Amino acid sequence: MAPKDPLLGTLKVCVLNLQSDGEIVTDTNPHLASCCELLELVLRKGLQQPVLSLVHRDYSHCFEQITQLDACGRLSALSLAVEQTRVCRKLLSAQGRGRYLLRVALSRKALPQFIKHLLHTTRVLEWYCPQMSILRNEEFLEPFMSLLLVLSHMDFKLDMENCSFLDESWLLPVCETYEVVPCREMGMVLRYLSGRVFVLELIPGSQAHVDKFISPGDVIDEINGTSLRNSKIGQAGVVLSRLKGCPLSICVVRWRAQDGTVYRPLIKPLQALRIENPTLQLGPAPSQCATTEHKSAPSQCLKEGRIVHIVQFLGKANTGMFGGKEVLQQVIPLVLQKNLPSKEVLLDLKETHLTCTDRSSKLELFDYHYPEISCVGRFSQPDYTIFAFCVADSPETPQSTGFCCVALRASTIKDCEDIVCRIATGFKHTEWFV
């Protein structure tokens with residue numbers, strides 16, 4: 001009876017589970033992390049450490065050496081993957097680079113080819129012990145390569161940008177990107193722990209507090225493509241200062257995992273944050289009743305072949321000579337105090353401008369190009385469905401009286417956030433003076 005390796009048996013079960021889950025494998029698949037961890041254990045099994053070296057050898061070093069030692073001339077896919085891994089600033093350790101490389105190989109259906117390159121690069125293969133490793137045991141190698149072939153026929157759609165925690169864990173956090181309207185200050189108090197930028201608290205009334213795009217305990221991973229992994233104290237502030245007046249794309253790592261619990265690699269840093277900010281709430285996920293309150297009401301419809309938003313037009317109010325985002329929280333209540341009957345309107349967010357049409361009468365209420373809009377934001381109230389933007393009152397005439405605030409109500413929080421983000425991407429500057 002042929003010998004069996006428990007790693008291969010477990011890996012086979014995991015591969016079958018991936019197959020049974022469907023054609024496309026994403027980061028949310030519950031079997032993906034286990035499969036990657038088993039592949040990692042196979043590649044580490046029997047890997048011998050150098051005698052006269054202080055560097056701990058890992059399987060990532062094997063693939064890095066192959067690109068220098070293998071002379072077969074067919075290394076383009078491996079070389080590109082190794083180079084992509086090398087330049088990723090979010091990876092600090094050999095373990096993180098190896099895990100990223102495995103994810104790249106799975107995404108590109110190239111893992112069997114990578115292992116074949118390793119097998120015929122003698123100087124690298126000699127790093128593995130013949131008695132212990134799977135790669136140098138012919139009886140184990142054949143079933144292992146068969147499993148890799150099965151994996152290469154699956155479609156892996158993995159988020160390669162979500163890699164900042166591969167140094168610590170195969171479990172990936174919830175990572176989300178938000179397009180944020182810029183203003184004078186974001187209103188976040190930051191703390192630098194373990195090479196990461198944590199949000200300690202939000203300043204009441206600030207843009208971050210009003211827009212609710214980030215929460216205390218979350219990690220700012222990237223701003224406009226600039227990684228903050230292993231950043232020094234104050235680096236996030238430097239990046240934000242350099243981008244002042246520009247739309248911001250902020251990549252946020254949530255402290256809450258997919259299952260609603262605290263993401264495990266963040267437990268210790270969050271404990272340290274709670275010492276400084278005892279009000280930091282790390283309990284179970286809040287009720288989603290607010291987001292489902294208007295679920296039955298349609299939020300979009302077709303107009304002339306385009307998808308437009310169905311919103312309530314609440315009214316307008318003059319904001320004076322300043323059209324910055326800070327005035328929205330003061331002017332929106334003035335619009336609401338007028339108690340004007342709201343109108344159901346169709347808001348069409350086009351590539352260069354937005355239009356608002358009365359749904360019943362079909363009359364166009366306003367049409368603004370994005371450069372005419374000075375700021376946009378949500379109203380800081382419990383349901384967060386009211387939003388507004390400021391425009392100059394007839395800026396082409398010398399009799400301009402300043403800025404005007406246009407207030408509307410979306411059907412849901414999600415619709416409100418989407419509309420604000422869409423408008424925000426249409427302009428670069430949020431503060432006009434007249």
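Contact, as the word is used here, means heavy atoms within 4.5 Å. The structure is a predicted model, in which local features need pLDDT of at least 70 and side-chain atom pairs count only at pLDDT 80 or more, while totals for chains, interfaces and linings use all residues. Residues are numbered from 1 along each chain as its sequence is written, and side-chain values use heavy atoms, with hydrogens and water left out.

We start with K338, a residue in the loop between helix 13 (328-337) and strand 11 (343-349). Helices (H or I, at least four residues) and strands (E, at least two) are DSSP runs, numbered from the N terminus. Leaving aside residues up to four places away in sequence, K338 touches K316 and A317. K338 and A317 are 21 residues apart in sequence, and their C-alpha atoms are 9.7 Å apart in space. A polar atom of the K338 side chain lies 2.8 Å from the backbone oxygen of K316. A polar contact is a pair of N or O atoms within 3.5 Å; within protein, one must be able to donate a hydrogen and the other to accept it, and residues adjacent in sequence count only if both atoms are side-chain atoms. With a relative accessible area of 43%, K338 is partly exposed. On this scale, buried means under 20% relative accessible area, exposed over 50%, and partly exposed in between (1.4 Å probe, protein chains only).

C390 is a residue of strand 15 (residues 386-392). Its relative accessible area is 0%, so C390 is buried. Not counting residues up to four places away in sequence, C390 touches a set of residues including T319, G323, V327, C375, C404 and C405. C390 and G323 are 67 residues apart in sequence, but 6.0 Å apart in space from C-alpha to C-alpha.

Next come pairs of helices. The axes of helix 1 (residues 6-20) and helix 8 (residues 138-152) come within 10 Å and cross at roughly 15°. Axes are lines fitted to C-alpha atoms, for helices over the stretch in contact, and angles run from 0 to 180 degrees between N-to-C directions. Angles under 35 degrees count as roughly parallel, over 145 as roughly antiparallel, 65 to 115 as roughly perpendicular and the rest as oblique. Helix 1 and helix 8 are therefore roughly parallel to each other. On the helix 1 side, the residues that meet helix 8 are L8, L11, K12, V15, L18 and Q19, and their partners are F140, P143, F144, L147, V150 and L151. These contact residues comprise ten nonpolar, one polar and one charged. Here Ala, Val, Leu, Ile, Met, Phe, Trp, Tyr, Cys and Pro count as nonpolar, Asp, Glu, Lys and Arg as charged, and the others, Gly among them, as polar.

Helix 3 (residues 59-69) and helix 4 (residues 76-86) pack at an angle of about 130°, with axes 10 Å apart. These two helices are therefore oblique to each other. F63, E64, I66 and T67 of helix 3 meet L78, S79 and V82 of helix 4. That contact has four nonpolar, two polar and one charged residues.

Helix 6 (residues 111-119) has L111, P112, F114, I115, H117 and L118 buried. The buried residues of helix 6 pack against several helices, among them helix 3, helix 4 and helix 8. In helix 8 itself sits S152, which counts as buried at 15% relative accessibility. Beyond four places in sequence, S152 touches K109 and P112. A polar atom of the S152 side chain lies 2.6 Å from the backbone oxygen of L149.
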